Amino acid sequence: MTTVTPDSFSSAPPEVVGLGPVAWAKKNLFSDWFNSLLTVIIVGIFSWGAIRLTSWALTTAQWQVIPNNFGLFMTGTFPSGLYPRIWALLAIVCGLAGLSWGVLGRNVSTLFSRSVLIGLGLVCAFIVLFPPTRPSSLKLLPMVALVAIAAAAGRQAGRKFPSIGKWVSLAWFLSYFAALWLIGGGLGLTPVSTNDWGGLVLTLFTAVSGIALCFPLGLLLALGRRSALPVVRWLSTAYIELVRGVPLVALLFMGQVMIPLFLPIGSRPDRILRAIIALALFSAAYLAENVRAGLQAVPRGQNEAAMSLGLNTPTTLGLIVLPQALKIAIPAIVGQFISLFQDTTLLSIVGLAELLGIGKSILANPSYLGRYAEVYLFLAVIYWLFCYAMSLGSRKIEEKLNTSH
Amino acid sequence: MAHDSGSKSFNLKAMLRDERFWKIAFQVITLLVVFLLLSFFLGNLNRNLIQMGRAFGFSFLLNPAGFSIGESLIQYRPNDPYWRALMVGLGNTLTLVAAGIALTTVLGTAAGVASFSKNWLVHRLSRIYVGLVRNVPLLLQLFFWYFAIFGALPSPDNQIGVLGLAFLNNRGVYIPWASSAVLAVLGIAATIGAAIAAFYLWQWRTKIRIETGAGGQTQLIALAVLGLVWLAIIVFGMNWTVPEGIEGGGVTGGLRLSREYVAALTALVFYTSAFVAEIVRAGIQSVSKGQWEAARSLGLHAGIVMRLVVFPQALRVIIPPMNSEYMNLTKNTSLAFAIAFPEMYSVATTTYNQTGRPVEVFVVLMATYLILCLLITLVMNQFNQAVQFKER
């Protein structure tokens with residue numbers, strides 16, 4: 001009888017043999033004449049482009065337009081005397097974000113690993129060094145600290161009370177109304193007309209409201225389209241197909257005009273509300289299709305097994321089918337949320353001063369005439385950051401929920 | 001008596017427990033709610049329209065429009081009726097959609113295949129392109145192309161010439177074009193016809209080679225002749241006019257693509273191609289690795305494996321989501337209105353502003369885009385059936 005010592009036999013994957021830089025380049029860049037040609041052409045074009053871009057960014061470009069209007073980009077024409085309310089809102093969001101991070105990461109051995117610490121350090125350095133944020137770094141740096149402290153607290157609390165996750169979700173839900181109160185005023189705060197809502201704050205507010213409204217609606221529509229009841233199925237299908245056949249800008253613009261016409265004479269909901277409704281009605285149809293794809297991917301046996309256990313239709317759906325379907329549909333659903341976030345730019349067409357709209361009105365200012373490239377590049381970076389963060393988050397959730405082997 | 005009432009309540013209870021009853025009841029309630037909501041909305045609409053003094057009707061489409069349109073495929077004068085203005089808008093939308101779909105298919109497929117390149121730079125480039133473009137809103141990209149790129153081109157007096165064949169300035173792009181519209185249509189028809197004929201010739205050649213083992217020389221010669229004939233038609237039959245720069249700025253001859261059109265097309269193609277690239281990538285990835293390995297072990301080289309083995313199988317996965325990307329592109333052409341390109345939506349908005357008839361204009365818009373989307377779906381469904389797995 002022979003014993004196999006761990007040294008002589010290992011089930012680990014074979015060791016990766018490192019390539020030297022020359023060998024790497026030969027394998028990946030110059031493997032044959034065609035690849036070499038491609039490499040040379042791409043390197044040529046891109047170094048030319050990079051040189052042109054750098055020289056433009058350092059000499060021709062006038063970046064002054066960004067720091068001079070940073071407040072406008074962030075909050076639009078929100079009265080500057082009331083900025084503390086926006087800071088309070090940011091503090092709430094930072095605190096909750098840190099808390100959720102801590103609760104989610106309660107089983108991780110070290111919450112502040114080296115890469116996280118480097119990331120936090122980079123954010124702090126950026127806040128201090130980036131000219132537009134430098135004046136308010138005394139407020140922004142404590143926000144970063146708040147995230148870290150809340151994360152540590154959330155981790156402790158999460159270990160002590162495992163059910164705290166529910167309370168954090170509830171806090172997020174309530175924070176939406178707190179945001180509405182802090183931005184819009186009323187109940188003891190100076191009211192701010194929706195005409196003065198704008199910038200990134202409005203973009204985020206409409207996106208979050210749209211997502212919150214379209215998700216339940218899309219879910220219902222998807223279930224309706226898969227329903228065994230013909231009337232429900234036909235109605236859902238008709239709605240989904242009609243809405244998916246129309247451009248969003250038409251829905252938004254006509255929503256501004258037609259929603260008041262559909263209501264009793266004289267009632268005119270606020271135009272931001274009208275825009276959010278149009279946005280949510282539009283996205284719900286697309287979301288319904290994503291959820292339907294998830295529903296179709298759940299094996300029929302799951303449904304039959306639940307039925308044979310004596311569960312009725314709502315419990316079968318809620319406890320057995322939907323959790324599996326939503327898990328499958330997460331990437332598509334988050335993709336839809338990302339496109340909803342991007343679609344908020346269309347609100348600038350119907351005259352709302354969200355991020356792109358405020359960019360347009362800054363460009364209309366004679367002292368910043370022709371600064372298109374600077375402003376649009378800056379806005380593109382902001383949108384990219386948010387969208388990329390969302391897709392990163394979706395990948396993380398997917399990994400967390402992935403129970404297959 | 002007591003017994004009777006007992007059995008009655010028992011029946012009611014039984015009915016309340018019966019799933020069939022609830023199924024019907026639920027549908028009736030849904031229908032009732034939808035009906036009540038609709039009648040509430042439509043009743044309000046009717047009252048509002050009567051109060052505004054505008055009864056529902058499409059007769060206004062026959063009134064003279066009274067606004068001019070910058071570019072149009074068909075003859076249009078400002079005192080033509082509204083329906084003709086809308087047709088002009090539809091024509092402009094269609095040119096955008098047709099060119100957009102053609103270019104998106106090419107660029108998107110290229111970018112998707114490029115992500116499998118052995119060349120590290122090409123692979124990285126494809127990934128960076130997709131990651132950058134998909135995460136920035138289309139409208140922002142549209143403004144960027146229109147104002148920051150095409151708007152920054154030099155003015156006509158020191159325009160850029162490309163090999164003396166095309167010109168670029170901040171008013172638009174000038175390219176060589178057939179001297180008349182009829183010839184241009186004929187040329188496009190000849191190209192499509194030749195492509196279809198070539199496809200069938202190639203299929204015939206493959207079939208003959210499989211069945212008889214013959215070399216297929218005859219078909220190859222026929223293919224070459226076809227190519228030559230097509231080339232002759234295109235080069236000599238089209239009566240090309242080449243744009244020429246005028247002393248002191250400006251261009252004469254050729255076809256002028258307005259800055260609005262070029263910017264809208266570029267933005268749409270760049271944006272949609274990033275999504276198409278992801279679809280193509282996912283499609284190719286869905287083909288199991290064994291197919292690659294089997295084909296390689298038969299001695300086929302990488303290009304042939306991709307063309308004959310992997311791509312046909314990937315097409316089954318690629319076609320259905322492509323349909324929705326083409327539909328998205330069609331609907332997104334409406335954003336060109338934001339840079340003042342006179343497409344369907346832009347003309348419809350002007351019509352609404354002049355006539356104050358939101359409902360009718362919206363119905364026209366909705367019907368137009370729905371029909372366009374349906375047409376695309378129809379064509380793509382045909383295509384989908386052609387590439388589906390053929391089982392017994």
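This is a predicted model: local features need pLDDT of at least 70, side-chain atom pairs count only at pLDDT 80 or more; totals for chains, interfaces and linings use all residues.
Chain B as a whole contains 12 helices and 8 strands, and 43 of its residues are in contact with 39 residues of chain A.

- Strand 2 of chain B, residues 166-169, pairs with strand 3 of chain B, residues 172-175, in the antiparallel sense, and 3 bridges connect the two.
- Within this part of chain B, the residue that B:N169 stands opposite is B:G172, which belongs to strand 3 of chain B.
- Strand 3 of chain B also pairs in the antiparallel sense with strand 8 of chain B, residues 255-258, this time over 4 bridges.

**Overall form of chain B**

- The radius of gyration of chain B is 29 Å, whereas a compact globule of 392 residues would have one near 21 Å.
- The C-alpha trace of chain B, followed along its principal axes, spans about 100 × 65 × 40 Å.
- Of the 392 residues that make up chain B, 28% count as buried.
- When contacts in chain B between residues at least 6 apart in sequence are considered, 64% of them join residues that are at least 24 apart.

**Where chain B touches chain A**

- The contact between the chains involves 43 residues of chain B and 39 residues of chain A.
- On the side of chain B that touches chain A, at least two residues each come from helix 2 (19-52), helix 4 (120-133), helix 5 (138-149), helix 11 (344-355) and helix 12 (358-387) of chain B.
- Helix 2 of chain B gives the most to this side, supplying 12 residues.
- By residue type, the side of chain B that touches chain A consists of 29 nonpolar, 10 polar and 4 charged residues.

**One helix pair across the two chains**

- Helix 2 of chain A, residues 33-60, packs against helix 4 of chain B at an angle of about 50°, and their axes are 9 Å apart.
- Helix 2 of chain A and helix 4 of chain B are therefore described as oblique to each other.
- In this contact, A:L38, A:T39 and A:I42 from helix 2 of chain A meet B:L121, B:V122 and B:L125 from helix 4 of chain B.
- The residues of this contact between the two helices comprise 5 nonpolar and 1 polar, with no charged residue.

Notes:
Residues are numbered from 1 along each chain as its sequence is written. Chains are lettered from A and ligands numbered from 1 in the order in which they are written. Two residues are in contact if their C-beta atoms, placed from the backbone, lie within 7 Å. Ala, Val, Leu, Ile, Met, Phe, Trp, Tyr, Cys and Pro count as nonpolar, Asp, Glu, Lys and Arg as charged, and the others, Gly among them, as polar. Axes are lines fitted to C-alpha atoms, for helices over the stretch in contact, and angles run from 0 to 180 degrees between N-to-C directions. Angles under 35 degrees count as roughly parallel, over 145 as roughly antiparallel, 65 to 115 as roughly perpendicular and the rest as oblique. The radius of gyration is taken over C-alpha atoms; the globule rule is 2.2 Å times the number of residues to the power 0.38. A residue is buried if 20 or more other C-beta atoms lie within 10 Å of its own, exposed if 12 or fewer, and partly exposed in between; C-beta atoms are placed from the backbone. Two strands pair if DSSP finds at least two bridges between them.
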